[in-house]
Amino acid sequence: MTKLDLNSDKNSAYKHIATILHIPTNTTYTLKAQKVVVTTGLHVLPNIPPIEGLTINKTPETPEWIHSSSYKSREQLKGKKVLVLGCGETGMDVGYESVLAPAEKVWMGVRSGFLSFPKVLNNFRVLGATFDGALPIDGLITNLFETA
């Protein structure tokens with residue numbers, strides 16, 4: 001996303017207008033959304049990117065947005081049109097939670113593709129070990145790869 005504006009049409013259900021650049025084709029697109037969720041950086045230390053109209057050159061009309069660290073329940077997204085920026089583990093989780101809320105509509109802004117894993121693995125084998133039943137993927141990554 002390169003820019004976020006408040007919709008000047010006060011009667012519109014879409015409160016935000018996001019400008020998104022598709023880098024491979026250098027094409028600019030405009031999306032309208034009721035909520036914007038920024039999912040960049042670890043949830044304990046927000047990494048807020050410099051986006052015109054969102055974090056820089058803010059005005060009293062700056063659109064409402066939250067960082068994923070402020071996300072607490074599906075009620076925040078229920079019935080809304082939600083734009084999720086970022087598609088790492090947190091972005092995918094917030095996108096999934098938006099669908100379950102249920103949000104009216106969900107878009108994901110992705111810079112350069114994404115890699116998605118299921119939240120839980122059942123009977124997963126790696127390096128000769130079998131992880132039996134309901135292993136959270138973040139637990140597998142933490143326990144296996146971060147200590148290697």
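**Exercise 1. Find which residue of β3 is the bridge partner of I17, then describe the sheet around this pair.**

Start with the pair itself: I17 has K32 as its bridge partner in β3. Keep in mind as you go that you're looking at a predicted model.

Next, zoom out to the two strands. β2 and β3 pair in the antiparallel sense, and 7 bridges hold that pairing.

The open sheet has 3 strands in the order β1-β2-β3, with antiparallel pairing. At its edges you'll find β1 (3–6) and β3, each with a single partner strand, so one side of each has no neighbour in the sheet. On average, neighbouring strands of this sheet are turned by 20 degrees against each other, direction ignored.

**Exercise 2. Work out the strand order of the parallel open sheet with 4 strands, and say which strands sit at its edges.**

First, read off the order: the 4 strands run β5-β4-β6-β7, and their pairing is parallel. The edge strands are β5 (66–67) and β7, since each pairs on one side only.

Then pick one pairing and look inside. β4 (residues 35–38) and β6 (residues 81–85) run parallel and are joined by 4 bridges.

**Exercise 3. Count the salt bridges, then go through K3–D5, R74–E97 and E75–K78 and decide how accessible each partner is.**

Begin with the idea: side chains of opposite charge can pair when their charged atoms come close.

Step one is K3 and D5. Their closest N and O atoms are 3.9 Å apart, so the pair passes the cut-off. K3 has a relative accessible area of 33%, which makes K3 partly exposed. D5 is partly exposed too, at 28% relative accessibility.

Step two is R74 and E97, whose side chains meet in a salt bridge at 2.8 Å, N to O. This pair links distant parts of the chain: R74 is in the loop between β5 and β6, E97 is in helix α1, and 23 residues separate them. For accessibility, remember that buried means under 20% and exposed means over 50%. E97 comes in at 15%, so E97 counts as buried. R74, with 36%, is partly exposed.

Step three is E75 and K78, with 3.9 Å between their closest N and O atoms. Here E75 is exposed, at 57% relative accessible area, while K78 is partly exposed at 45%.

Note on methods: Residues are numbered from 1 along each chain as its sequence is written. This is a predicted model: local features need pLDDT of at least 70, side-chain atom pairs count only at pLDDT 80 or more; totals for chains, interfaces and linings use all residues. Side-chain values use heavy atoms; hydrogens and water are left out. Two strands pair if DSSP finds at least two bridges between them. A salt bridge is a side-chain nitrogen of Lys or Arg within 4 Å of a carboxyl oxygen of Asp or Glu. Buried means under 20% relative accessible area, exposed over 50%, partly exposed in between (1.4 Å probe, protein chains only). Axes are lines fitted to C-alpha atoms, for helices over the stretch in contact, and angles run from 0 to 180 degrees between N-to-C directions.
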